[in-house]
Amino acid sequence: MDDRDLDRQLVERAQRGDKHAFELLVSKYQRKLARLLARFIRDPAEVEDVAQEAFIKAYRALPSFRGDSAFYTWLYRIGINTAKNYLVAMKRRAPTTTEFDAEEAEGFENAEQLRDINTPESMVMSKEIARTVNDTMDQLPEELRNAITLREIEGMSYEDIAAIMNCPIGTVRSRIFRAREAIAERLRPLLDTGKDRRW
Amino acid sequence: MEKLSAFVDGEVQDGDVQSQLARIESDAGLRSAWNTYHLIGDALRGNVSPDLTSRVVARLRDEPATLAPRRKPAGLGRWAWLAMPAAAGVAAVTLVVWTAAPIWQAEPQIASGPIAAGGTAAPGPVTAVSLSAPEPRTLASGIEVDNYLFAHQRYAPTSAMQGVVPYARTVTDERRGVSK
Amino acid sequence: MTTVCSRLLQPVRFLPFLLPVSAAIAQTDPTALQWLQRIYTATQTLSYTGTFVYHQGQQVETTRITHIVEPSGTRERLEALDGVPREIIRTGDEVVCYLPASMTVKIDKQHGQQTFPAVLPEQIKDLSENYSITRGEVERVGGYRCQTISLEPKDRMRYGHRLWADVNTGMLLKAKTFNEKHEVVEQFAFTQLQIGGNIDRDRLKPRFSRESRGWRVEDSGATSANLAEAGWSLRAKPAGFRTITELVRTLGNTSGVGHMVLSDGLAAVSVFIEPAAGKPAVSQTGLVRQGATNVYVRPVGNYWVTVVGETPAESVKYIADAVEYRK
């Protein structure tokens, strides 16, 4: 199974009426979608609104999702249309290039653009989270850091990572898990203190 | 929890998926971990922004549940590098797939090892033709040599002839204890 | 000392050596030297994609390669399919090597060096001074008919080679390197190959991106240099070896490393000169070998001289011993 298969299984559950499955998809793709919409919409607060709107539209359009393309590809098209309609409704000029090819949607995200997707209020927390993640990464033992980097940044499968790190797949699994848990533990106090539970 | 971590990466046995998903959806702890793990992944890619999920969830509560007919999953064949069709065109265009018969099996296998010292030691001017062949020694660490090998590789003979740098010599493979 | 740049500004000289493609397919019988020229020409003109196996000592490695020649330049990608994981991308004169196991990327860009490989065709006729070059039988390598060419060294300063070149295109499909005892020290051969035709450009796309987080970048920053001005020279060189390039570069953690490349037209030897400060303690005078590559290290004052080449041990030691500093 791979990432695309997993999404498909979630979509199938959602199509059968399971809203929780859709929530898992929202949780997974929300920031990626926000990043995409920020290319069209200047105001981060509006980006949030449009992203939310796009997810609702996607949920309503689920019956017409046929699984020919990846879920995210389908989602980003809905996102772009939602953004366009929003800009038109606000009587602002929609950008002329609306055809983003799928590769760009999957493309590498620039680490320096937190500003595009954060309001001044959320910026403080976002920066703190980013800093905590980076610091914990720097302190991780090298094999844990490399494993999670190959997975999250290079998008490699466990099998490929195992080949590269010359260890069993079980070890890759364990390393990635331990890296995640180490970071999650440092994040927990931050996330719990988010009074408005926005995080 | 480790299972969830693997699950997030899509690394599970197929049969398990639907029941795993059911478990995740119904368990607050697992859901929270799912959210956190994805936040971590996004953060590593430079993407941190406020969580929308709760707001979307709130709005979804008002939406009627969708019921869509079950579709057959599309086959996701992995394209094979080897399956390139031979194309018509430039002069000699041939696709050849060779079976695994090693071409060099007839040749004697040479393990890296000390070469026999040929001739007597010849101290003297550098221009002397006959020199004793020095004995190679074990490299304590392969890593130091790598940098030199890499810098040198682009000039190596096979590179010169083939325009290709095999770069197979670029990195000493400590795992196999090849350096001798 | 001629610099690499000035040699490159002589393309007209190459023309008499070039055989038109149509003549190559015709039934004429080129001399062995002309076959070598064909092989070199093929490297500059052919696009191909395939898999080759490289064999050295006990080590066997499979690599996938795509090589595309276009008016805008040559691009190439190699992926190791086993052994130490690595991916190499070459664009023009820049070579980038990704080593995901250590999350390191090595970059070697040599400004001003337009052609790759560095050994230039004008030296082909010089090869016959140092090697006996003969044509052998036509043998089949996979589905291709190949002309075999043997290069026997005339002294102990270089290795022998046998080459298998496709009779139609001149493409090198297989090669072996022999030591002084006529034992094979390394070999490579294509196991799968498509020459020309429709090659998917996607195959050139690197899997990794050095821009992404986590990669430790080692950029050689190589630039042309005149090492003699800095006081370094070779008292002598093995017969037929000429200096083909001189650089200053970063190697590992050390910057300002002098790098001189000598070649007899086929074999190449690199001489590295770097300050002793900061070298790992394990370095000591002596020879290290891996397959066809010999490495000899020797101190000169408070510098280390490291010589690397696909030549016999005597040759690298000879060159290392000939390095001197005079100011």
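Select helix α7 of chain A and display A:S122, A:S126, A:I129, A:V133 and A:M137, which are buried. The model is predicted. Seen down the axis of α7(A), the buried residues fall within an arc of 70°, so they line one face of the helix. Turn to the other side of α7(A), where A:P120, A:V124, A:D135, A:D138 and A:Q139 are exposed. The helix covers residues 120–139, and at 1.5 Å a residue its 20 residues should span 28 Å; the C-alpha atoms at its ends are 29 Å apart, which agrees.

Next, select A:P141, in the loop between α7 and α8 (142–152) of chain A. A:P141 counts as exposed because 12 other C-beta atoms lie within 10 Å, and a residue with 12 or fewer is classed in that way.

Remain in chain A and move to A:N166, in the loop between α9 (158–165) and α10 (169–192). A:N166 is not a glycine, yet it has a positive phi of about 55°. Most residues other than glycine have a negative phi. A:N166 is exposed, with 11 C-beta neighbours inside 10 Å.

A second case of positive phi is found in chain C. Select C:M103, whose phi is near 50°, in the loop between β5 (94–99) and β6 (104–109) of chain C. Is C:M103 buried or exposed? C:M103 is buried, since 21 other C-beta atoms lie within 10 Å and the cut-off for burial is 20 or more.

The nonpolar cores follow. The largest has 89 residues, and those that touch the most other members are C:A165, C:L173, C:V269, C:V271, C:V295, C:V307 and C:I319. Strand β11 (residues 184–195) of chain C gives the most to this core, with 7 residues. Center the view on C:L173 and show its contacts beyond four places in sequence, among them C:V141, C:Y144, C:W164, C:A189, C:F190 and C:L193. A second, separate core of 70 residues includes A:F40 and A:Y158 together with B:Y37 and B:V48. In soluble globular proteins, nonpolar side chains tend to be buried together.

Now display chains A and B side by side. In this pairing, 48 residues of chain B are in contact with 67 residues of chain A. On the side of chain B that touches chain A, α1 (2–8), α2 (17–26), α3 (28–44) and α4 (53–60) of chain B each supply at least two residues. Which helix provides the largest share of that side? It is α3(B), with 10 residues. By class, this side of chain B has 22 nonpolar, 13 polar and 13 charged residues.

Finally, color the model by pLDDT. Chain B has a mean of 56, and 41% of its residues reach 70 or more. Within chain B, confidence is highest in α3(B), at 92, and lowest in strand β1 (residues 95–97), at a mean of 22. Select residues 69–143 of chain B, where pLDDT stays under 50 and the model has 118 contacts beyond four places in sequence. Chain C averages 79, and 83% of its residues score at least 70. Its residues 1–30 are below 50, and residues 114–118 of chain C stay under 50 as well. For the complex, the predictor gives an ipTM of 0.87 and a pTM of 0.54.

Conventions. Residues are numbered from 1 along each chain as its sequence is written. Chains are lettered from A and ligands numbered from 1 in the order in which they are written. This is a predicted model: local features need pLDDT of at least 70, side-chain atom pairs count only at pLDDT 80 or more; totals for chains, interfaces and linings use all residues. Two residues are in contact if their C-beta atoms, placed from the backbone, lie within 7 Å. Helices (H or I, at least four residues) and strands (E, at least two) are DSSP runs, numbered from the N terminus. Ala, Val, Leu, Ile, Met, Phe, Trp, Tyr, Cys and Pro count as nonpolar, Asp, Glu, Lys and Arg as charged, and the others, Gly among them, as polar. The expected span of a helix is 1.5 Å times one less than its number of residues. The arc is that of the directions from the helix axis to the C-beta atoms. A nonpolar core is a set of buried Ala, Val, Leu, Ile, Met, Phe, Trp, Tyr and Cys residues joined through C-beta atoms within 7 Å. pLDDT is the predictor's confidence in each residue, from 0 to 100.
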